[in-house]
Amino acid sequence: MRLPANPFRRPFPDRPFGRAVLIGHGRTAIFVFLALLFLVPVRQALAYGLVTFLVAVAYSLVTERLGVRRSGRRWTMARWTLDQAVLLLLVSAACFLLYNYTLGWSLLNLRVLLYIAIPTVLVGLLPIVFSGVAVQLHAEEANRRLAQKIDRNLTRGRELDEPKGAIRLGGDAGATIVPGSIIFGVADTPTATRVRTDAGEQRFAVGLDELVRQLSPYGIIQCHADYCVNPQRIEGVAADAQGLHLRMRGVAESVPVSKPYFPAP
């Protein structure tokens with residue numbers, strides 16, 4: 001899987017709302033506070049830092065609740081940059097309102113707001129983009145090194161204990177499948193799994209954990225909380241800023257890998 005040369009088109013590290021996002025917004029607020037200490041009184045600098053933190057947290061939480069996904073293959077450097085530009089604009093507007101409050105609302109004017117906010121966004125985005133590229137490249141390189149370490153382990157040939165015929169999953173009432181024909185499986189619901197085979201896709205009324213337990217004697221392994229794979233069908237391990245992905249023979253889809261399931265290098 002070759003990554004686009006343009007960094008803005010490449011996947012960016014996942015940023016779902018959580019502890020890491022809160023810490024990042026906290027660091028930004030502290031930077032705002034320390035920078036403004038040279039320009040305004042301590043209490044005023046603290047107020048701007050607090051407003052910055054609250055607006056950033058509210059923006060991240062509300063937009064995620066509204067369906068904005070900061071993860072997955074469509075979460076690219078370009079989308080992250082746009083996300084940061086919107087956040088900068090909102091923070092600028094909030095700080096403008098706070099500044100007006102301290103002046104008795106004497107400068108509450110849309111033209112003044114735009115005059116302040118637009119240059120702030122444009123100038124503020126420059127260091128943000130540079131830091132984003134650095135974060136992206138660091139994540140890509142770290143994941144690439146990890147992919148090289150585990151590639152041999154994941155693709156190491158495993159002799160499947162292949163039965164002469166198909167086996168039945170889920171007991172006597174379950175459906176049958178030939179283990180050697182399995183390419184990968186993905187959890188559909190907690191009690192059902194979709195399995196991609198040479199013949200197409202089958203759905204079994206068995207949870208992923210139970211499916212892996214029944215198929216492990218035939219070499220099937222779990223590589224992600226929602227995926228299992230047939231090691232015999234792995235072509236290699238690809239890496240980007242979001243993590244590792246398995247290239248599978250016979251299908252165009254790649255299968256994600258998560259750290260708890262990495263074989264030891």
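**Helix packing and cores in a predicted model**

Guide: In this predicted model, helix 1 (residues 19-36) and helix 2 pack at an angle of about 155°, with their axes 8 Å apart. Residues are numbered from 1 along each chain as its sequence is written. Local features need pLDDT of at least 70, side-chain atom pairs count only at pLDDT 80 or more, totals for chains, interfaces and linings use all residues, and side-chain values use heavy atoms, without hydrogens and water.

Visitor: Why is helix 1 called roughly antiparallel to helix 2?

Guide: Angles run from 0 to 180 degrees between N-to-C directions. Over 145 counts as roughly antiparallel, under 35 as roughly parallel, 65 to 115 as roughly perpendicular and the rest as oblique. The angle is about 155°, so helix 1 is roughly antiparallel to helix 2.

Visitor: What makes helix 2 oblique to helix 3?

Guide: The axes of helix 2 (residues 42-65) and helix 3 (residues 77-102) cross at roughly 140° and come within 9 Å. That angle makes helix 2 oblique to helix 3.

Visitor: Which residues of helix 2 make the contact with helix 3?

Guide: Contact means heavy atoms within 4.5 Å. On helix 2 the residues are Gln44, Ala47, Tyr48, Val51, Thr52, Val55, Ala56 and Tyr59.

Visitor: What is the largest nonpolar core?

Guide: A nonpolar core is a set of buried (under 20% relative accessible area) Ala, Val, Leu, Ile, Met, Phe, Trp, Tyr and Cys residues joined through side-chain atoms within 4.5 Å. The largest has 16 residues, and Phe184 and Cys223 are among those with the most contacts inside it.

How values were computed. Helix = DSSP H or I, 4+ residues; strand = E, 2+ residues; numbered from the N terminus. Buried < 20%, exposed > 50% of the residue type's maximum accessible area, 1.4 Å probe, protein only.
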